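Have the sequence and the 3D view ready.

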Amino acid sequence: MELSTAAWMVHDTRLILCVLLAIATIIVLISATKLPPFLSILIGTFIAGVGAGLPPEDVAKAFSKGAGAILGEAGIIIALGSMLGALMAESGAADRIASTLLGLGKGKSLPWVMALVAMVIGLPLFFEVGLVMMVPIIFVMARRSGQPLLKIAIPALAGMTTLHALMPPHPGPLIAVSALHADLGLTMLLGFSIAIPAVILAGPIYGNWLSKRMHVEEPAELGALFSAAPKAPRQPSFGVSLLIILLPVLLMLGSTLAKVAMSPESTAALTLKFLGEPLVALGIAVMAAVICLGWANGMPREQVGGTLRKSLAPIAVLLLTIGAGGGLKQTLLDAGVSQTISKVAEGAHMPYLLLAWLIAVALRQATGSATVATTTTAGILAPMMAGLAATQSSLVALAIGAGSVFFCHVNDAGFWMVREYFGLQLKQTIWVWSILQTIVSVVGLVGTLLWWHWLT
């Protein structure tokens with residue numbers, strides 16, 4: 001038994017060191033040698049996998065499996081979102097929405113308007129879906145207002161990622177609520193109270209500070225795609241433009257309603273769940289945009305089809321990079337990194353909230369997946385939480401959600417989406433995305449600690 005324990009300790013230490021070496025290698029290859037992120041992540045994956053003791057052929061299979069899974073989940077969503085964004089730009093819908101928002105908030109108030117819009121759009125949507133829908137609005141708003149791109153983008157990113165981390169019905173918080181048998185309504189209420197200060201600090205305040213210190217130009221290809229001058233003979237009305245961008249939001253809200261307020265097997269519930277699937281909801285939005293923004297406003301069918309086709313080329317690099325990140329994540333999971341961190345966590349003795357947050361942080365750093373971090377952390381803590389009050393269980397679930405977004409880096413799909421969409425360098429992406437998410441995570445922890453002190 002002692003030999004077995006010693007062998008496991010050696011394996012665990014070796015695995016953690018290999019993960020750190022792989023991440024360091026990826027960063028050096030991208031920043032120093034200027035290799036493409038896809039190739040850099042592929043090299044880092046083999047360093048981690050082979051170093052941790054996996055046969056090379058197993059590393060290759062894990063990489064392919066992980067890349068295929070993330071592209072199957074996020075790749076089609078990104079492609080549909082790119083089509084929707086291109087149609088909104090060329091039809092004038094993005095310009096119409098931007099003009100209205102500029103009328104609501106000018107100068108210093110504009111970042112606050114963007115944060116609010118992102119929270120509304122991000123409430124029912126996965127982060128990836130919300131981002132691909134918001135990018136064209138962000139580009140047009142930055143160009144029309146004459147304000148720095150980051151000053152507009154960071155509040156939008158903060159609004160979406162904060163709700164993704166702290167608010168059911170997003171997958172992470174929902175998984176934690178289920179595993180810990182917490183009250184869904186109470187968790188949503190407490191989560192919203194913590195999300196507001198997190199969005200304020202990580203969004204308008206941080207965005208204003210960073211935009212004064214880091215100048216970012218609009219990326220050429222995507223900027224041209226999403227900020228193109230309207231080419232439709234007639235511009236759509238604000239109401240139609242808003243309806244198209246909110247259509248996936250409404251469909252996914254309907255799916256949430258079906259899950260919490262309807263009989264699971266009823267026809268209405270099954271229909272709403274189907275329409276609320278991200279792939280289906282975005283697909284319907286694209287077809288609605290083709291009809292309502294394109295054909296109905298006099299755009300020839302050849303022009304609409306050409307717009308859809310040309311929207312796919314600029315995202316090719318992004319899709320490859322995201323796929324590589326999924327391959328790295330799957331390789332680390334196959335190597336046993338989740339089990340390694342779980343064993344360390346089970347022997348720790350500290351307050352529940354801090355323990356929940358730290359385990360989720362460690363798992364997210366190692367795996368790059370908020371869902372893996374949340375699911376594993378909730379599974380580790382569930383037996384310890386059996387006797388907690390409803391308020392305490394909800395706060396532990398929120399602490400897990402907050403920890404799952406701490407300093408997301410090169411093994412995170414969102415990291416590469418932000419980098420490619422906004423044309424950032426690696427160091428800039430860390431400042432824009434990793435630090436932003438760290439602010440959200442720390443504010444989330446502080447918020448749960450304060451509520452625990454006041455309510456228990």
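A word on terms before we start: a pocket here is an open set of grid points with protein on both sides within 12 Å along at least five of seven lines, and its volume is the space filled by probe spheres set on those points. Keep in mind, too, that this is a predicted model. Rolling a probe the size of a water molecule over the atoms is how empty space shows up.

With that settled, look at the second largest pocket, which holds about 280 Å³ of space. It has 17 lining residues, and Ile16, Ile341, Leu358, Ala362 and Ala366 sit closest to its centre. Helices H1 (2-31), H16 (337-346) and H17 (352-367) each bring at least two residues to this lining, with H17 giving the largest share, 6 residues. And what classes of residue make up the lining of the second largest pocket? There are 14 nonpolar and 3 polar residues, and no charged ones.

Now move over to the largest pocket, with a volume of about 710 Å³. Its lining counts 37 residues, and the ones nearest the centre are Glu73, Glu128, Ser369, Ala370 and Thr371. Quite a list of helices supplies at least two lining residues each, including H6 (127-145), H18 (370-381) and H21 (426-455). Which helix gives the most? That would be H3, with 6 residues. By class, the lining of the largest pocket splits into 16 nonpolar, 16 polar and 5 charged residues.

Together with Val442, Val446, Leu450 and Leu455, Trp454 makes a nonpolar surface patch of about 460 Å². Is tryptophan 454 buried or exposed? Its relative accessibility is 57%, so tryptophan 454 counts as exposed, because the cut-off for that word is over 50%.

Finally, let's stop at two loops. Lysine 34 sits in the loop between H1 and helix H2 (37-51). Lysine 34 isn't a glycine, yet it has a positive phi of about 65 degrees. At 59% relative accessibility, lysine 34 is exposed. Histidine 181 is not a glycine either, and its phi is positive at about 55 degrees. With a relative accessible area of 72%, histidine 181 is exposed.

Methods:
Residues are numbered from 1 along each chain as its sequence is written. This is a predicted model: local features need pLDDT of at least 70, side-chain atom pairs count only at pLDDT 80 or more; totals for chains, interfaces and linings use all residues. Side-chain values use heavy atoms; hydrogens and water are left out. On a 1 Å grid over the protein atoms alone, a cavity is a set of points where a 1.4 Å probe fits but cannot get out, and a pocket is an open set with protein on both sides within 12 Å along at least five of seven lines; lining residues have an atom within 4 Å of a point. Helices (H or I, at least four residues) and strands (E, at least two) are DSSP runs, numbered from the N terminus. Ala, Val, Leu, Ile, Met, Phe, Trp, Tyr, Cys and Pro count as nonpolar, Asp, Glu, Lys and Arg as charged, and the others, Gly among them, as polar. Patches are made of residues with over 30% relative accessible area and no salt bridge: like charges are joined within 9 Å, nonpolar side chains (Val, Leu, Ile, Met, Phe, Trp, Tyr) within 5 Å. Accessible areas come from the Shrake-Rupley method with a 1.4 Å probe; for residues, only the protein chains shown count as cover. A salt bridge is a side-chain nitrogen of Lys or Arg within 4 Å of a carboxyl oxygen of Asp or Glu. Buried means under 20% relative accessible area, exposed over 50%, partly exposed in between (1.4 Å probe, protein chains only).
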